[in-house]
Each structure stands twice: as structure tokens, then as C-alpha cells.
Amino acid sequence: MWKNVREGSKVFWGINNITRSHKSHLALSEFVPACPPPNPHQVEQLQDFVSQSQRLFVMTGAGISTESGIPDYRSEGVGLYSRTERRPIQHSEFVQSQAARRRYWARNFVGWPSFSSHEPNSAHVNLCKWERAGRLHWLVTQNVDALHTKAGQCRLSELHGCTHRVICLGCQTVTKRSELQERFLNLNPSWNEQAHGLAPDGDVFLTDEQVSDFQVPACTKCGGILKPQVTFFGDTVNRGFVFSIYEQMKQADAMLIVGSSLQVYSGYRFALNAKELHLPIAILNIGPTRADHLAKVKVSARCGDVLPHILLQDQWHKEIQS
Ligand SMILES: [Zn+2]
């Protein structure tokens, strides 16, 4: 267990415990970028930052889920862009091409049992604890993996949607992805392709020849095209939805960014908005981010090595007093 050592009015972090925690993640090196152990001084700054906030606004990205075994697209060396030639499907391609949709859904069908079984890690769980303690005002995630929901988070906006839901492009009816899996199985009883790799959106690698006979069902209500309720590349997030998140930010007193380099503007704009609202910003992420120049506190480390050990003010006082 992580121990704090009180020195004067400050809390310092035991470096031995940080190192041990770091080593425990070596098995995840396939998905999590290489990173030195957390800098104790930076962690102490983050502890101060969180302790001083009463209504924290948190934004998370792929970096929080890599420790649950979900690869991201962009991380150096281990991200999907680094490891393969594959690129995610474009929104226009999905909408316009039946062949593209068949390919997408066939791969998604094969990857679903594995992708949908990922579990939240200690970082997700800790953010949920902050919510239950009344200290996390709102959480916006760029992830589509449902891990915050699985952890129990309620005050949540999924900025880019969620792969666990399906929307009909005709009548906008939203259904569970798990129900669609049953329909796929009924329509494709002989389908037994093996997964060749897992992508962040549940996509799996199969050749065009392999997917040519895959049957894709339509909406049961209107016969329309079914699509994951996810913002594909080339599509934009609904403006009304973005403004509803801005409204939540107005009620917050600080912003914490976890596991995102903010390379995509749809995420970066929330850091810009926080700056405009004069909210102090802290960032926990391996490597540089687009918002580093806006941040009051920056910790370059794995989320799971740091977040579970940041205590809320009440817990923090108890630690000091004990
Ligand atoms: Zn429909």
C-alpha cells in the first residue's frame, strides 16, 4: 500500500512504493507506453491540486484504458498507428459503402466478445469514488469502451459515444450492442473467424475475402442502417452536446485531464474552455500534451500508478492525523 510521509505541512510520497507499483505494470507493456516511475514532487503537486478542489471536472482519454488492456491509436511504439498500417474507418465511408459496413461489422462482430469483456482498472474505480464522495462534479471521456460506466460513474458524458450502443441512422433508435451480437450470430451461424488483433473501437483485422459472405441486419423498426453510437473519424460531435458539457464546466472549480495527449481538437477545446473560465488545470499523462502550456500541474506517469493514490481532502486529513 502507498504511504504518505508527512514533512512539515506537506505530504511527500514514498519512492519505494512508487517503484514497486511501476514494476507491477510490466505485463501491460504491450499496450502502455514506456514510462519512468512517477516523480514524487509532481505527485505531491497533484495531491495538493485535488485536495483544494470541491467540484472537480475530469476529462479522460485512451491513456486511462490502456491499463485495462485496450490499445490506443496514438501512443508512441505501442499505439495502433505505430504497430500497424491500419487506420480507423471514416464516417463517410461507413455511411456511403455497404461493403465498408459489412467489413466493419464483421470485424467488430469477431472482436466484440473480447473487447466487451474488458474491466475498469483502479484509475476508473478511483474516479467513481470521488464522484460518490461528492467531489467530482462531472466527467467527460473521449473513450468509447464503457469502462467508466462499468466502474459505476453516473455524472458522465461520453464525448465520442460508446461502442456498447447502436444507433439506427434512419429512425435514431438506440439499442444495446449486445443485442445486435445475438442477431449477428443468428444470421451468420457458420461464422467462426479468428481475431487477428484488437483495435480501440472493437475492430478486428480480417481480409475482404473473409468478410464477403457476412450478413449485416438492419433496424427492426424501420429497416435503416445500424451504426455504433460512436463518433467516427471525419464526423463531428453534436454542438448541443458540447455546450451541455460546457455548462457543467461552469459549475466546476478545477479541471483534471487524465490519460490524453489532447491531439484531437474535440478534446483540446475543453482545456481551452477551462482556461477561459479561469479554472486551474492539472494533467496526468505519459509524455507531452497539447495543453501542457495551460497546466498548473503536470504529472508524466501511468494513470494507474498515480490516480488510486491521490486522496480526497477528508481522506488526506485522516492520513496526516494517523
Ligand atoms: Zn430505424
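## Reading faces, sheets and a marked site

Author: On helix α2, the face turned away from the buried side carries the exposed residues His-41 and Gln-52. Residues are numbered from 1 along each chain as its sequence is written. The model is predicted: local features need pLDDT of at least 70, side-chain atom pairs count only at pLDDT 80 or more, and totals for chains, interfaces and linings use all residues.

Reader: Which residues of α2 are buried?

Author: Count C-beta atoms, placed from the backbone: 20 or more others within 10 Å means buried, 12 or fewer exposed, in between partly exposed. Helices (H or I, at least four residues) and strands (E, at least two) are DSSP runs numbered from the N terminus. In α2, Val-43, Leu-46, Gln-47, Phe-49 and Val-50 are buried. They cover an arc (directions from the helix axis to the C-beta atoms) of only 165°, which puts them on the same side of α2.

Reader: Which residues of α8 are buried?

Author: An α-helix has 3.6 residues a turn, so residues three or four places apart point the same way. In α8 (residues 177–187), Arg-177, Leu-180 and Phe-184 are buried. Their arc is within 50°, so they line one face of the helix. On the other side of α8, Ser-178, Glu-179, Glu-182, Leu-185 and Asn-186 are exposed.

Reader: What covers the buried residues of α8?

Author: Look for contacts (C-beta atoms, placed from the backbone, within 7 Å). The cover of α8 includes α5 (98–115), β6 (161–168), β7 (174–176) and β8 (226–230).

Reader: In what order do the 6 strands of the open sheet run?

Author: Strands pair if DSSP finds at least two bridges between them. Here the order is β5-β4-β3-β9-β10-β11, with parallel pairing. β5 (156–158) and β11 (297–299) are at the edges with a single partner strand each, so one side of each has no neighbour in the sheet. From one strand to the next, the twist averages 15°.

Reader: Which strands does helix α6 touch?

Author: α6 (residues 122–132) packs on the sheet against β3, β4 and β9 (254–258). The direction of α6 makes about 145° with that of β4. β3 (residues 56–60) and β4 (residues 136–141) are joined by 5 bridges. In that pair, Val-58 stands opposite Leu-139 in β4.

Reader: Where does UniProt place the feature "active site"?

Author: The unreviewed UniProt entry places "active site" at His-160. Such annotations may be inferred rather than shown by experiment. His-160 lies in the loop between β5 and β6.

Reader: Is His-160 buried or exposed?

Author: His-160 is buried, with 20 other C-beta atoms within 10 Å. Leaving out residues up to four places away in sequence, His-160 touches Gln-142, Val-144, Val-230, Thr-231 and Val-237.

Key. Two residues are in contact if their C-beta atoms, placed from the backbone, lie within 7 Å. Axes are lines fitted to C-alpha atoms, for helices over the stretch in contact, and angles run from 0 to 180 degrees between N-to-C directions.
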